[in-house]
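Notebook open, model loaded. I'm jotting down what I looked up, ligand first and then the chain.

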Amino acid sequence: MKSTLVATLVALAAKEVAGHALFQQLWVDGTDYAESCVRMPMGNSPITNVGSKDMVCNVGTKGVAGKCPVPAGGTVTVEMHQQPKDRSCGSEAIGGAHWGPVQVYLTKVADASTADGSTGWFKIFSDSWSKKSGGAVGDDDNWGTRDLNKCCGKMDVKIPSDIPSGDYLLRAEALALHTAGQANGAQFYVSCYQITVSGGGNASPALVKIPGIYSSADPGIKINIHAAVSSYIAPGPPVYGGGTNRTAGSACTGCAATCKVGTSPSAVATGGKKPASPTEATTGTVASADAQPAADSSPQPDTAGACAVSAFGQCGGNGYTGCTQCASGLTCKAVSPPYYSQCVATS
Ligand SMILES: *[C@@H]1O[C@H](CO)[C@@H](O)[C@H](O)[C@H]1NC(C)=O
Ligand SMILES: [Cu+2]
């Protein structure tokens with residue numbers, strides 16, 4: 001029956017896989033701009049083809065009206081979660097032992113609302129890897145995505161003070177390496193934010209093209225992290241001199257430590273056009289159907305696609321295509337890498 005088919009398709013579209021994640025919100029110097037200047041990904045699935053155009057700003061995304069104003073030298077905070085609009089710290093920002101680097105790129109554009117990202121990019125931030133003392137395998141080490149989880153999905157990123165003023169696309173990328181031992185197994189989670197920088201300088205960082213910066217054979221992309229990792233170089237060019245290398249495993253500081261989700265200003269595009277966004281719920285009544293969830297709203301249950309592997313059940317390994325999410329209190333652990341991973345008690 002036609003209506004049944006439609007209902008099924010809607011249910012499928014609404015389903016988001018647990019574990020996977022998406023960058024969704026942006027803060028500027030501690031102010032919550034929520035989703036007002038993000039090119040929101042259509043789902044939380046990764047990109048695995050490093051040569052694909054989807055690597056620029058994710059699959060099928062288009063420009064939005066909003067632009068977030070950022071002073072040069074200021075700090076933006078990118079925010080990632082597994083489910084759309086779920087900003088709670090109750091669930092990991094990115095689940096299922098999706099360890100890997102978090103990196104941020106900028107490209108200078110004429111108009112961030114319409115730019116296609118074909119202009120040159122430079123890297124302004126990297127939080128990649130450091131050895132965890134006593135750790136046996138790469139899974140145990142410090143990683144950018146582990147820092148994201150520790151800091152409730154938030155990662156502070158300083159905007160260089162010397163880059164020219166004007167519009168930019170800011171591209172946040174989390175790379176998950178849990179299946180990266182096999183060809184094209186690395187998972188890229190990418191979102192572009194539209195920002196307007198003011199008070200900048202006249203630096204001209206070296207530029208690279210996306211796609212084109214990565215190769216599937218890069219040692220930072222094809223790697224088995226279920227074995228001991230003695231060194232790790234995140235893929236792509238080095239961080240530009242005005243940018244920041246964060247040490248993986250360092251403490252959450254700044255907005256990543258203190259910012260609390262609240263009412264959001266509407267980002268104002270340079271043209272003076274405000275994006276459609278929910279009004280602020282100041283009276284305690286629900287402002288609109290698509291209002292931002294409150295800070296303490298409970299996570300949306302992953303009903304349609306929920307799966308949970310119980311203790312000692314398989315949750316990963318070469319050729320495994322089943323559920324990769326362990327039940328509450330359990331972590332998927334590679335016990336015979338790269339062939340077999342199972343759910344064990346979280347230590
Ligand atoms: C970041 O680290 C890389 C690798 O060590 C280095 O090449 C680059 O210059 C560093 N950038 C900054 C801004 O510290
Ligand atoms: Cu995933």
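I began with the ligand: an oxygen atom of ligand 1 sits 2.5 Å from an N or O atom in the side chain of N245. I count that as a polar contact, meaning a pair of N or O atoms within 3.5 Å. The protein covers 42% of the 360 Å² of accessible area that ligand 1 has on its own; areas are Shrake-Rupley with a 1.4 Å probe, and for residues only the protein chains shown count as cover.

Bookkeeping: this is a predicted model, where local features need pLDDT of at least 70 and side-chain atom pairs count only at pLDDT 80 or more, while totals for chains, interfaces and linings use all residues. Residues are numbered from 1 along each chain as its sequence is written, chains are lettered from A and ligands numbered from 1 in the order in which they are written, and side-chain values use heavy atoms, with hydrogens and water left out.

Back to the ligand. A backbone N or O atom of V239 lies 3.3 Å from a nitrogen atom of ligand 1. I listed the residues around ligand 1 (a heavy atom within 4 Å) and got P238, V239, Y240, G241, G243 and N245.

Next, the whole chain. I found four helices and 16 strands, taken as DSSP runs (helices H or I, at least four residues; strands E, at least two) and numbered from the N terminus. Of the 347 residues, 48% are buried, i.e. under 20% relative accessible area with a 1.4 Å probe, protein chains only.

Then I checked a sheet. Four strands form an open one in the order β2-β1-β5-β10, with antiparallel pairing. β2 (31–32) and β10 (154–158) are at the edges with a single partner strand each, so one side of each has no neighbour in the sheet. Inside it, β1 (residues 22–28) and β5 (residues 75–81) pair over six bridges; pairing takes at least two DSSP bridges. L26 has V78 in β5 as its bridge partner.

What about β4 (residues 68–71)? C68 and V70 make up its covered face, P69 and P71 the uncovered one. β4 runs parallel to β12 (residues 187–198), paired over four bridges, and C68 has I195 in β12 as its bridge partner.

Terms used: A polar contact is a pair of N or O atoms within 3.5 Å; within protein, one must be able to donate a hydrogen and the other to accept it, and residues adjacent in sequence count only if both atoms are side-chain atoms. Buried means under 20% relative accessible area, exposed over 50%, partly exposed in between (1.4 Å probe, protein chains only).
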